[in-house]
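Hello! Here are a few notes to read alongside the model, taken point by point.

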Amino acid sequence: MRTSRALAALVSAAFIFAACATAASPTPEPTVAPTAPPTVAPTAAPTASPVDWQACMVSDTGGIDDHAFNENAWKGLQDAQAKLGIEIKFLESRDESDFEKNINQFLSEGCEMIVTVGFLLGDATKVGAEANPDVRFAIVDFAYDPAIPNVEGLVYATNEAAMLAGYASAAWSKTHVLGTFGGINIGGPVTDFMDGLVAGAHYYDKTTGSKTTVLGWDPVTKTGSFTGDFASIDNGKTLSLGFLDENADVILGVGGQIGQGAFAAIEERGVTGVGLGVDVDWYVSVPQYKSLILTSILKKIDISVTAAVEHAFKGEPALPVYVSTLANGGVDLGPFHDYDSQISAETKAALEDLKAKIISGEVKVSDYFAAP
Amino acid sequence: MTAAVAAPGAIVDRGAVRRQRIIGIFYLLLAAIAAFVLTSGIAPEATSTFALKPAGSKTGLDIPNLVVPSVVTLYAVAALCGFLGAIQLVRGFGTRWAVVLGIAVAVFVFGFLTWAAVGKSMSLIGILQLTVVKALPITFGALSGLLCERAGVVNIAIEGMLLTGAFTGAVVGSATGNNIVGLVAAGFVGAALGTLLAVLAIRYRMDQIIAGTVINIFAAGITGFVSTRVLQLHRELNEPQRFPQIPIPVLSEIPIIGPMFFSGNIFLYALFVLIGLIHYGLFYTRWGLRVRAVGEHPRAADTVGINVLGTRYRNVILGGIVAGVGGAYFTLGSTGSFVQDMTAGRGFIGLAAMIFGAWTPVGAFLASLVFGFADAVQARLSILNIALPSEFLLMVPYLVTIVVVAGLVGRVRAPAADGRPYEKE
């Protein structure tokens, strides 16, 4: 047992030396996305002098240029590099069997920190972290209970940002009916958005005295509309058609691309309506539907990743859970883009006010689950 | 089954009597549910509103909403179901039992919707529109199946053909920037899979179920593989334009029928044409007579000089084209991008619709509407926040498929030579 482990260490060390000798660039060539090389070199050079400390990222499936999760997390590493002068690199996971393989490769390459992107990597990260207590890990969208001492779980209080979106949606809606659906009713990562939307609409009703109906989710009973998976745009479209038929004109679909079903539904019925983006600014990432996107609920993964890398780099102990909030800028409401002119200055001021109140703790999202 | 061999007459009679009794009790059960379960907790003055005018409709046509008193409606439903159940138990409906069963179920479903919409408004027209939308790919699948089976070849591969059609439509449509090209390409790929099935089933006399299953697995594998390896990285290959909705002037303004059948896109109208063509072709032309002869009694057809194998080849390839084009609906007609396994068993439901529709095009369409309705209702119930878990509701369309196929299928007859390879002597 002991000899085999020693042998493994020796072999992996040999590989590392071999890699150092042959590889000119610190990033493995074949997996580098087209955008990566130019940004790596120039940002590293002018700021801090290179430090022999590597932060390595294992992506979720979907590619490093997915305009979402992975790309955003990679930006977080790039920012950390610019700030701290560390070395960064990534490996793309093509499917779920790559998770453990990629983590092991980085372990053998001697990464000081490994960032895994997405809750699907939860099991693989746990295995890697428990076997290598000296290596620091951070995982996006996941936290362990009980916590693993060398893992920082990055989670997002998306309900706060979604509450702002709910307020804006209720203000924009002509029919005073909103609709929301999720992928699978698995709690937090999905339903926080839906909770927030409902709470925002209720807050709008309370402060303006109007009456807004939110279809598809009841934050009190935790029941609502779900597509049953995170892929079926068709099911998302089906539910969206239902919302439109029941007079909704703002639709929030939470769970990967299923939310895009709303746009297909709006086009098919030929009615006036908009959808809300989730995680990233869909105006940028789903440009074919940009004329139908009111705003997006942003999860700023880059900010939390940079923070986690900084914690690790400075030798601070890993926080069991690092929560991104409106207060620390880790979640936010996106820009209105084409709809900016349709949101009144009054509404914008109210949004700023609500944001400040959520940050100060004066307004709690869960206080607005029930209709006023 | 084995007992029937021993004393066919007596057993069948007793079986029929028992079936009649079960159906009668079923009606009474529906009546009891409507009267006691659904009415509980509803205020006597509560009403259920069914909207018949499409939301956001820009047409001048205005139909008032259908408002019914909830409790009274539910008692009426219960009374009707109970009445039917009593007659069923006392003297039965003879050969019309299936029609009566359909009526009873329809009445009960109306009662159920009334319960779901108590104190609320439910867009009935939206459900009906969605029914047609959901029935569309199922009907394409059913038509593909019946083209093949009428000639005596079982096509289990419809699911795979739909999936490949969806994939090809999206990729070719995006790459060329032209939907029509995507649609044609989907038809070609469907034809290719049809040819593969035909060669395996006719030339090599392979078990047709296994040949079809192999094609399904192949289709799911190849489209899934290319979708994760290529489409995720090159999204521009998966962003086709959707075919626009083309409301037909005048016809689309007819209340209820207009929004359902005359406000669709090119796929809906193509489907109507296809149903008409296949119906006419199968039952009123020499081609159809020959196809049916090959499917019923290939040896007899052969002796009068019909090219049995040629007819089968032609029909299976035609079936492949229909399924390929129908599959393109998922991407070019509905959502606008391909997702792994997006057909979600619609090809198999199509097979069920073909059987339920007794291997006729019009029957298959009506059967597809039943399945589409189940799909549409489940989606609507979750929106109205009914006290049923969403996981259960998602199951409903498949549940309906099982019940229908298991319950009614014994009454319809497949082409006699269905699934049997033909060998010249």
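1. A word on terms to begin with: two strands count as paired if DSSP finds at least two bridges between them. Please keep in mind that this is a predicted model.

2. With that in hand, look at strands β10 (residues 250-254) and β11 (residues 274-279) of chain A. They run parallel and are joined by 3 bridges. For one specific pair, A:L252 has A:L276 in β11(A) as its bridge partner.

3. Both strands belong to an open sheet of 6 strands in chain A, ordered β7-β6-β10-β11-β12-β14, with mixed pairing. At the edges sit β7 (213-215) and β14 (331-333) of chain A, each of which pairs on one side only. On average, neighbouring strands are turned by 20° against each other, with direction ignored.

4. Which helix packs on this sheet? It is α6 (residues 158-172) of chain A, touching β6 (177-182), β10, β11, β12 (293-299) and β14 of chain A. The direction of α6 makes about 170° with that of β12(A).

5. Turning to the interface, 37 residues of chain A are in contact with 27 residues of chain B. On the chain B side, at least two residues each come from α5 (124-150), α13 (308-335), α15 (361-383) and α16 (390-408). Which of the elements gives the most to that side? That is α15(B), with 4 residues.

6. A last remark on composition may be handy for your own set-up. The residues of chain B on the side that touches chain A comprise 14 polar, 10 nonpolar and 3 charged.

Note on methods:
Residues are numbered from 1 along each chain as its sequence is written. Chains are lettered from A and ligands numbered from 1 in the order in which they are written. This is a predicted model: local features need pLDDT of at least 70, side-chain atom pairs count only at pLDDT 80 or more; totals for chains, interfaces and linings use all residues. Two residues are in contact if their C-beta atoms, placed from the backbone, lie within 7 Å. Ala, Val, Leu, Ile, Met, Phe, Trp, Tyr, Cys and Pro count as nonpolar, Asp, Glu, Lys and Arg as charged, and the others, Gly among them, as polar. Axes are lines fitted to C-alpha atoms, for helices over the stretch in contact, and angles run from 0 to 180 degrees between N-to-C directions.
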